[in-house]
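I set out to read through one structure and to note what I looked up, entry by entry. The notes follow in the order in which I took them.

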Amino acid sequence: MESTGQLFVLSGPSGVGKSSLREGVRKRLPELAYSISHTTRAPRQGESEGRDYHFVSLETFLAMKEAGKFVECAQVHGNYYGTSREQLEKHLNDRRDLLLEIDVQGARQVKEHFPRACFIFVLPPNPETLEQRLVERGTEQAHDVEQRLEDSSRELLEESWYDYSIVNDVLEEAVEELVAIISANVASRRQSPESLEST
């Protein structure tokens, strides 16, 4: 019998469409839990507290970090992001399969604590498409777009250690691929149940 749920970590460069993939897969797999990260950045248009992120002040975030409340945290593009250790472990201990959408820095940290988690990297079809998506979403200034594109070049080099890679060209096809990866891993784990190892 399974002792914990399966953890799926979805990451990739800014603008690659991680949030759209996450929303798509959760519609297809409503039983899949989602860990809501904390961030110090302001909500973007259409985002809401408790659905997309927990939006907190810098002081609150740093106090949580100091108290060891995060299983991973990182400063990305001038803002802090972190995953609640308590929230993540509660889902897994309740035997719920869990999706975590985080940046590459955070994924590295999660792997140290949960080496048997399934890590999925999202790629853009090409650099031009990534730039177009960043510009079209209209949430960053021009210099911020340039910085995110520079960061993406380094982040794309991290793909090699992930378990799976998905090219997000046509969203529906990418969602189908992500659903297939999650479903196959859950089915395999149920046939040969092993607990996630946590330090």
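Entry 1. I began with glutamate 23, which lies in helix H1. The model is a predicted one, and I kept that in mind throughout. I looked up the accessibility of glutamate 23 and found 39%, so this residue counts as partly exposed.

Entry 2. I stayed with helix H1, which covers residues 18-28, and turned to arginine 28 within it. With which residue does the side chain of arginine 28 meet in a salt bridge? I found glutamate 176 as the partner, at 2.6 Å from N to O. Glutamate 176 belongs to helix H7, residues 171-191, and the pair links distant parts of the chain, 148 residues apart. I checked the exposure of both ends. Arginine 28 has a relative accessibility of 41% and therefore counts as partly exposed. Glutamate 176, at 42%, is likewise partly exposed.

Entry 3. I counted the salt bridges of the structure and noted 6. Two further ones are recorded here. Glutamate 47 forms a salt bridge with arginine 41, and their closest N and O atoms are 2.9 Å apart. Is arginine 41 buried or exposed? I read a relative accessible area of 7%, so arginine 41 is buried. Glutamate 47 has 21% and is partly exposed; the cut-off for buried is under 20%. The other salt bridge joins the side chains of lysine 90 and aspartate 94, at 3.1 Å from N to O. Lysine 90 is exposed, with a relative accessible area of 54%, whereas aspartate 94 is partly exposed at 43%.

Entry 4. I looked up the accessibility of both rings' residues. Phenylalanine 61 has 0% and counts as buried, and phenylalanine 70 is buried too, with a relative accessible area of 8%. How are the rings of phenylalanine 61 and tyrosine 80 placed? Their centres are 5.4 Å apart and their planes stand at 35 degrees, so I recorded the pair as tilted. Phenylalanine 61 lies in helix H2 (residues 58-66) and tyrosine 80 in strand E6 (residues 79-84), so this pair ties together parts that are 19 residues apart in sequence. Elsewhere I noted a cluster in which ring pairs link Phe119, Phe121, Trp161 and Tyr162.

Entry 5. I found an open sheet of 4 strands, in the order E4-E3-E6-E5, and its pairing is mixed. Which strands form the edges? They are strand E4 (54-55) and strand E5 (70-76), each of which pairs on one side only. I then examined the join between strand E3 (residues 38-39) and E6: 2 bridges connect them, and they run antiparallel. Within this sheet I noted that threonine 39 stands opposite tyrosine 81 in E6.

Entry 6. I next took the chain as a whole. I counted 7 helices and 9 strands in the protein chain. Its radius of gyration is 16 Å, close to the 16 Å that the globule rule gives for 199 residues, so the chain is as compact as a globular protein of that length. The C-alpha atoms fill a box of roughly 50 × 40 × 30 Å along the principal axes. Of the 199 residues, 48% are buried. I also looked at contacts between residues at least 6 apart in sequence, and 71% of these join residues at least 24 apart.

Entry 7. I closed with the confidence of the prediction. The protein chain averages a pLDDT of 88, and 91% of the residues score at least 70. Where does pLDDT stay under 50? I found this over residues 195-199, for which the model has 22 contacts beyond four places in sequence. Where pLDDT is low, the predicted coordinates should not be read in detail.

Methods: Residues are numbered from 1 along each chain as its sequence is written. This is a predicted model: local features need pLDDT of at least 70, side-chain atom pairs count only at pLDDT 80 or more; totals for chains, interfaces and linings use all residues. Side-chain values use heavy atoms; hydrogens and water are left out. pLDDT is the predictor's confidence in each residue, from 0 to 100. Contact means heavy atoms within 4.5 Å. A salt bridge is a side-chain nitrogen of Lys or Arg within 4 Å of a carboxyl oxygen of Asp or Glu. Buried means under 20% relative accessible area, exposed over 50%, partly exposed in between (1.4 Å probe, protein chains only). Rings of Phe, Tyr and Trp (its six-membered ring) pair if their centres lie within 6.5 Å; planes under 30 degrees apart count as stacked, over 60 as edge-to-face and the rest as tilted. Two strands pair if DSSP finds at least two bridges between them. The radius of gyration is taken over C-alpha atoms; the globule rule is 2.2 Å times the number of residues to the power 0.38.
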